[in-house]
Amino acid sequence: MGTPFNSEKIITHKINDAELSTFLVGFDINDNGDSKYRIKPLIEKLSHVIYEFAFGFHDGDTTPNNEILSKLTEAAQSIYKIDAFQKVKDIYDNDGSITDDLEDKYLRRGEFGELILHLLLRDFHNTTPLLSKIYFKDSFGHTVHGFDGIHIEKETKTLWLGESKLYKDGKAGLRELVKDIEHHFKSDYLNSEFLIVSKKLKHFDNIPEKDYWLDLMSKSTKLIDQLDSVNIPLLCTYDSDLFTKYSDENNQDFINEYLAEIKELKEYFDEKNNHPLKAKLNIILILFPVQNKVELVKGLHNKLSLLQKLGE
C-alpha cells in the first residue's frame, strides 16, 4: 500500500530519527544526457497536494474523477484569497523575491512552507490533517489558527502541531523556528489556540475520534498530559550549495557533505533552543535542503496561477 501522494519516488527520506527527519530531491538526466535537479517533478508533486492542503478532510476524503480539476481550481482560488499568498504572488510576478529578513512574517507565510510540511507529514510520518486553516478562513471567516499544520496520528493518538520556514539561509530559518516554539508552547497560547481549533472541529461530524481530540485540547487537561500527546515537527526548507556543486545525490562526497551540513544545522538548532520546557517538548526537526528556494516558489506560484485561471 502506497503513501497518500507517493512522493517517495521524488523525495528521499535520508534520516529518520526520533528528533531529526531529513529529506532531499536528487537529479535526473535530460534528453541530452546532462544531469538536472528534479525541481519540476517536485513542483508537480506539491501541486497534487493543493486540494487536500486547502480543504482537508472536511468535505470527505474522496473526490469523483470528473470533479478533480474543478476542485483543484477551487483550491487554488481559495489559497489566493489569503492576502499573504496573493501579495507574494504579485512580488514574484514582478521579478522580486522574499528575503529572509523581511519584517512581515505573514508575507513569508505565503511561500508554501506549509504546503511542503503537509506533504512530508502525510507521506513520511503517517499523519492525517485534522483541519485546514485555509478552508476555515475561506468558509467561515474565522481567525486562522497559529500553527502551520495541525495533523493527527490515529494509531498512536498523537497530535502534530507543526511550524515551517522556507528560507535561503538554513540557520536564519532555524532561528525563526526557535522563536515560534518560544511563543507558541506556553500554556496560555496553547489554551487559546486549542479553543479556536475546538470550536472549528465542532462544525463537523466526520473527524475521526473527534471527542478524543476535543478532550485532549480541553483547558481542564493538564499541560504535561497535553505535551505528552503532542509531536512538534519543525520544518526548515532552505538553499544548499550541494545541489549546484554536485550532480549526483549518490556520489559519496555529496552524501558526506550532506550529512555534515545536517549535523551542523542540528547542533545549531539545539544550541539556540533554550525553551524552559525543552525536555518536555517532543520536537522533530525536519531539514529539507533544495537547490533554489526562489525557483521553487516561483514554480509553485506559476502552477497555482494556471489552476486559478481555469476557473475564471
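Biologist: Are Asp180 and Lys165 buried or exposed?

Modeller: This is a predicted model, in which local features need pLDDT of at least 70 and side-chain atom pairs count only at pLDDT 80 or more, while totals for chains, interfaces and linings use all residues. Residues are numbered from 1 along each chain as its sequence is written, and side-chain values use heavy atoms, with hydrogens and water left out. A residue is called buried under 20% relative accessible area, exposed over 50% and partly exposed in between, with a 1.4 Å probe and protein chains only. By that rule Asp180 and Lys165 are both buried.

Biologist: How many residues apart are Asp180 and Lys165?

Modeller: Their side chains meet in a salt bridge at 2.7 Å, N to O, the rule being a side-chain nitrogen of Lys or Arg within 4 Å of a carboxyl oxygen of Asp or Glu. The pair links distant parts of the chain, since Asp180 is in helix α8 (residues 170-184) and Lys165 is in strand β7, and the two are 15 residues apart. Helices (H or I, at least four residues) and strands (E, at least two) are DSSP runs, numbered from the N terminus. The separation asked for is therefore 15 residues.

Biologist: Which helix holds the partner of Glu52?

Modeller: Among the 13 salt bridges of the structure, Glu52 forms one with Arg122, with the closest N and O atoms 2.6 Å apart. Glu52 lies in helix α2 (residues 50-55), so its bridge to Arg122 ties together parts that are 70 residues apart in sequence. Both Glu52 and Arg122 are buried. The partner, Arg122, lies in residues 113-124, which form helix α6.

Biologist: What is the relative accessible area of Glu111?

Modeller: Glu111 forms a salt bridge with Lys293, and their closest N and O atoms are 3.3 Å apart. This pair links distant parts of the chain, with Glu111 in the loop between α5 (105-108) and α6 and Lys293 in helix α14 (residues 293-310), 182 residues apart. Lys293 counts as buried at 0% relative accessibility. Glu111 is buried too, and its relative accessible area is 0%.

Biologist: How many residues of β8 are buried?

Modeller: On its pairing with strand β9 (residues 282-290), β8 again runs in the parallel sense, over nine bridges, and Leu234 stands opposite Leu285 in β9. In a regular strand the side chains alternate between the two faces of the sheet. Both faces of β8 are covered, with Val230, Ile232, Leu234, Cys236 and Tyr238 buried on one side and Asn231, Pro233, Leu235, Thr237 and Asp239 on the other. Of the ten residues in β8 (residues 230-239), the number buried is ten.

Biologist: Why is the pair of Phe27 and Phe243 called tilted?

Modeller: Rings of Phe, Tyr and Trp (its six-membered ring) pair if their centres lie within 6.5 Å, and planes under 30 degrees apart count as stacked, over 60 as edge-to-face and the rest as tilted. The count comes to twelve aromatic pairs. In one of them, the ring centres of Phe27 and Phe243 are 6.2 Å apart, and the pair is tilted because the planes stand at 35°.

Biologist: Which residues join Phe254 in the cluster of ring pairs?

Modeller: Phe254 and Tyr258 are four residues apart in helix α13 (residues 252-272), which means that about one helical turn separates them. Both Phe254 and Tyr258 are buried. Ring pairs link Phe254 into a cluster with Phe27, Tyr37, Phe243, Tyr246 and Tyr258.

Biologist: At what distance from the ring centre does Lys157 lie over Tyr212?

Modeller: A charge sits over a ring if NZ of Lys or CZ of Arg is within 6 Å of the ring centre and within 35 degrees of the ring normal. The charged end of Lys89 sits over the ring of Tyr80 in this way, 5.9 Å from its centre. Lys157 lies over the face of Tyr212, and its distance from the ring centre is 4.6 Å.

Technical notes: Pairing = 2+ DSSP bridges.
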